[in-house]
Amino acid sequence: MAAPLALALLAATGCESTPGARAKPTAVPSISVARVCAKPAAGPAKPPAGAVAIDPAVAGDLAAKTRSSPRNTTFWLRPGRHRLESDRYAQVIPKEGDRYLGAPGAVLDGRKKNQYAFGGTARNVTIRYLTVRGFVAPHDEGVVNHDSADGWVIEHATIRNNSGAGLMAGARQRVRASCLRDNGQYGMNAYKAEGRISGLVVEGNEIVGNNTGDWERRREGCGCTGGIKFWAVNGADIRGNWVHDNRGTGLWADTNNNDFRIENNVLEANDGAALIYETSYNAVIRKNTIRRNNWVEGRRYADRGDTFPYPAIYLSESGGEPRIRARTDKIEIYRNVLENNWSGITLWENADRFCNSPANTSSGDCTLLVKNTGRCAQPAIATAPLYADCRWKTQRVDIHKNRFVLDRSVVDCTGKCDRMAVLANYGTYPDWSPYQGERVAEAITRRQHNRWHDNVYLGPWKFVAHDPSRILDSWQWQSTPYQQDADSTFRARDGG
């Protein structure tokens with residue numbers, strides 16, 4: 001096992017904002033994560049009984065022996081640098097139930113010639129103790145499990161220095177104790193061209209340094225990067241991972257994801273947000289340590305004069321929906337520690353983004369409540385039930401028992417890095433939209449059951465409500481009409 005990196009976190013106390021009230025401590029987690037990349041676990045030094053040995057001196061030996069062997073075969077890769085044939089499409093196509101084990105020092109090297117390492121649609125393939133590097137998958141494609149086959153298990157693997165995504169995902173995939181490092185676009189791209197991904201587990205991995213291609217700058221607004229990106233995943237457990245120093249967002253769930261549990265992770269020093277949950281539903285985000293995120297992107301936007309509260313946790317058109325089956329019917333964010341990030345948590349809705357709107361960047365997609373996107377048009381969209389169901393709503397978000405710490409001297413900012421927010425824009429587009437004006441801003445702020453309470457704030461926090469121009473102090477935030485953060489504590493001195 002990899003050596004643990006113990007990250008002990010102490011309980012916080014503070015002064016109640018209500019005069020004379022007794023301070024209440026908020027419990028925070030103690031988290032241990034593994035330095036998987038620095039100290040990967042070693043595979044078997046000898047081949048298991050019945051395994052087929054793969055010779056690194058023979059180019060293409062792994063692919064050839066996979067083709068000639070029956071399904072459910074175990075392959076043991078000897079120590080050394082293994083190669084595929086030179087053709088860029090050369091790859092290993094496993095059969096159902098095949099298992100690939102790397103000996104200590106076994107590396108499958110694409111040599112910047114091959115696009116894919118493991119592909120095909122075979123189910124229940126296992127890859128353990130193997131380093132996969134140097135493959136050049138195209139943009140939005142992946143190197144390992146290129147075709148998003150179901151039931152794969154990736155354990156104690158190192159997938160690094162590849163173009164595109166190091167790893168794709170299928171249904172019931174398990175990724176454990178692996179190093180996803182320095183890949184060109186994503187560490188993992190959880191995307192399946194046909195059907196949805198369900199039952200995904202990502203546990204105990206180190207996800208670091210991905211998006212070396214800096215794709216958000218090359219294609220501004222593409223939304224096409226992250227340590228991990230999730231698309232239309234129904235049921236995911238993301239726990240015990242160390243997600244750090246990625247260029248861009250750490251974890252990004254985008255478009256009709258549902259039923260996520262994101263817990264006991266350490267998310268730190270990512271250039272963008274630690275976590276974005278976008279146009280998605282029903283999640284529990286708990287017991288995570290989230291620190292020093294969004295310094296690069298937050299500062300970049302602030303320097304441009306942008307007043308939007310770019311945060312560490314960003315919920316964009318995402319909320320709880322009881323009509324969609326999940327382990328929870330809300331988004332609950334609790335018992336997390338957020339320390340010295342660029343701002344805290346932002347709940348946002350774009351009033352112009354809904355099914356069938358030209359402003360919907362998830363073009364062609366509709367909410368999980370409306371199967372026929374064409375129904376979201378005048379006149380029906382202006383009345384129930386489509387008025388509610390044609391838009392992704394930030395609703396039923398419960399933020400409690402968290403510890404928010406900000407020392408502006410650590411973040412090196414004088415302003416715009418100290419925000420907690422719930423807001424929307426003024427609806428203007430398209431001209432047939434029933435959501436024009438302040439309708440959405442009023443709804444997200446006051447009528448969609450978004451609630452902060454029982455939190456601890458250390459540092460000079462400000463609060464944004466309704467729209468970017470309404471910047472509040474803690475007393476205004478707690479008062480009518482917002483009435484947020486009941487029973488929370490505030491200590492304004494930087495860093496507590």
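Q: Which residue in strand 34 is the bridge partner of Leu-347?
A: Strands of a sheet pair through backbone hydrogen bonds, either parallel or antiparallel. In strand 34, Leu-347 has Val-422 as its bridge partner. Strand 31 and strand 34 are joined in the parallel sense by 4 bridges. Two strands count as paired if DSSP finds at least two bridges between them. Strands (E, at least two residues) and helices (H or I, at least four) are DSSP runs, numbered from the N terminus.

Q: What are the ground rules for reading this model?
A: It is a predicted model: local features need pLDDT of at least 70, side-chain atom pairs count only at pLDDT 80 or more, and totals for chains, interfaces and linings use all residues. Residues are numbered from 1 along each chain as its sequence is written, and side-chain values use heavy atoms, with hydrogens and water left out.

Q: How many bridges join strand 28 to strand 31?
A: Strand 28 (residues 313–316) runs parallel to strand 31, with 4 bridges. Ser-316 sits opposite Trp-348 of strand 31.

Q: In what order do the strands of the open sheet run?
A: The order is 10-13-16-19-22-25-28-31-34-37-38, which makes 11 strands with mixed pairing. Strand 10 (142–144) and strand 38 (471–472) are the edges; each has a single partner strand, so one side of each lacks a neighbour in the sheet. Elsewhere in the sheet, strand 13 (residues 165–168) and strand 16 (residues 186–190) run parallel over 3 bridges. There Leu-167 faces Met-188 in strand 16.

Q: Which way do the residues of strand 31 point?
A: In a regular strand the side chains alternate between the two faces of the sheet. In strand 31, Ile-345, Leu-347 and Glu-349 point one way, and Thr-346 and Trp-348 the other way. Of its 5 residues, 5 are buried. Buried means under 20% relative accessible area, exposed over 50%, and partly exposed in between (1.4 Å probe, protein chains only).

Q: What is the volume of the largest pocket?
A: On a 1 Å grid over the protein atoms alone, a pocket is an open set of points with protein on both sides within 12 Å along at least five of seven lines; a cavity is a set where a 1.4 Å probe fits but cannot get out; lining residues have an atom within 4 Å of a point. A volume is the space filled by probe spheres set on the points, which are joined across faces, edges and corners. The largest pocket holds about 1000 Å³. Its lining has 38 residues, with Glu-216, Gly-221, Gly-223, Trp-252 and Tyr-301 nearest its centre. Helix 3 gives the most to that lining, 4 residues.

Q: How many cavities of 30 Å³ or more does the whole structure have?
A: The search finds 1. The largest cavity has about 70 Å³ of space. Its lining has 13 residues; Tyr-281, Glu-321, Leu-369, Arg-391 and Gln-395 are the closest to its centre.
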